[in-house]
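Here are my notes on the fold. Please read them with the model open.

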Amino acid sequence: MAELVFFSGTMDSGKSTLALQVDHNHRARGRRGLLFTRDDRAGADTISSRLGLRRPAREVTEQTDFEAEVARAAAQGPLDYLVCDEAQFYRPAQVEQLARVVDEAGVDVYAFGITSDFRTRLFPGSARLVELADRVQVLQVEALCWCGARATHNARTVDGTMVVEGEQVVVGDVAAHAGEVGYEVLCRRHHMRRETAAVAGRAAAAGGAGARPADGAAAGVDLREGAARTPA
């Protein structure tokens, strides 16, 4: 029986890598599928991972109708599965289309995305996936906060300083230049404190109280910013 499965994790937890692996495994067994993504950091029509893997994919827009996409593809031969990356950016109505693709067309749907934004609020697409998915799987690869604890929250930064206001969707990367939007994964404690790696590093360099022994350089933790973005 076909399933709608939502693979969820923070930035840097390997969601796009797993999406490409899932596609590879199914193709290797002779199954036919379609790949979709939206706002991948590598550009349109691509699923890319930080490990350097990438595959062509169909770019999802506000107008994308998954039921129509599946119907067109099925007219050319049996269709077995969809891999849907960056699913947090899909409209709730599009998630409902994916559920109908599973139930009515018997096509497996594997969706990958982060659950909450930089303000710790659920993305509408992710919220609908949690509500409708047959299974929700949290990725086993844990992203780490700069302090070494498990990262559970996504932070948006400008010049290394965390910001908590702005548009929900702004594509960026942690390799951002001065004044550009970047992203960083943090544990809940440091997200609530708005204490990024750069902030902790500056505090440690200034001899301030921001870098406690358990939190930063004094504990031997690398305070450099890692590679992360909202859409993982």
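1. What covers one side of α2? The cover over its buried residues includes β2 (33-37), β5 (58-59), β6 (81-84) and α3 (92-105). Contact here means heavy atoms within 4.5 Å. Helices (H or I, at least four residues) and strands (E, at least two) are DSSP runs, numbered from the N terminus.

2. Before going further, note the source. This is a predicted model, where local features need pLDDT of at least 70, side-chain atom pairs count only at pLDDT 80 or more, and totals for chains, interfaces and linings use all residues. Residues are numbered from 1 along each chain as its sequence is written, and side-chain values use heavy atoms, with hydrogens and water left out.

3. In α2 (residues 66-74), the buried residues are F66, E69, V70 and A73. Buried means under 20% relative accessible area, exposed over 50%, and partly exposed in between (1.4 Å probe, protein chains only). Down the α2 axis, these buried residues fall within an arc of 95 degrees, so they line one face of the helix. The arc is taken from the directions from the helix axis to the C-beta atoms.

4. The N-terminal end of α2 is capped by D65. A side-chain oxygen of D65 lies 3.0 Å from the backbone nitrogen of E67.

5. Now the sheet. It is open, has six strands in the order β5-β2-β6-β7-β1-β8, and pairs in parallel. β5 and β8 (135-138) are at the edges with a single partner strand each, so one side of each has no neighbour in the sheet. Two strands pair if DSSP finds at least two bridges between them.

6. β7 (108-113) deserves a look. Six of its six residues are buried, so β7 is largely enclosed by the rest of the structure. D108, Y110 and F112 point one way; V109, A111 and G113 point the other way. In a regular strand, side chains alternate between the two faces of the sheet.

7. What does β7 pair with? β1 and β7 are parallel over five bridges, with L4 opposite V109. Four bridges join β6 to β7, also in parallel. C84 has A111 as its bridge partner in β7. The chain crosses from β6 through α3 to β7, a right-handed β-α-β crossover. Right-handed means that, with the strands pointing away from the viewer, the path from the first strand over the helix to the second runs clockwise.

8. On the β8 side, four bridges join β1 (residues 4-8) to β8, in parallel. F7 has Q137 as its bridge partner in β8.

Methods:
A polar contact is a pair of N or O atoms within 3.5 Å; within protein, one must be able to donate a hydrogen and the other to accept it, and residues adjacent in sequence count only if both atoms are side-chain atoms. Axes are lines fitted to C-alpha atoms, for helices over the stretch in contact, and angles run from 0 to 180 degrees between N-to-C directions.
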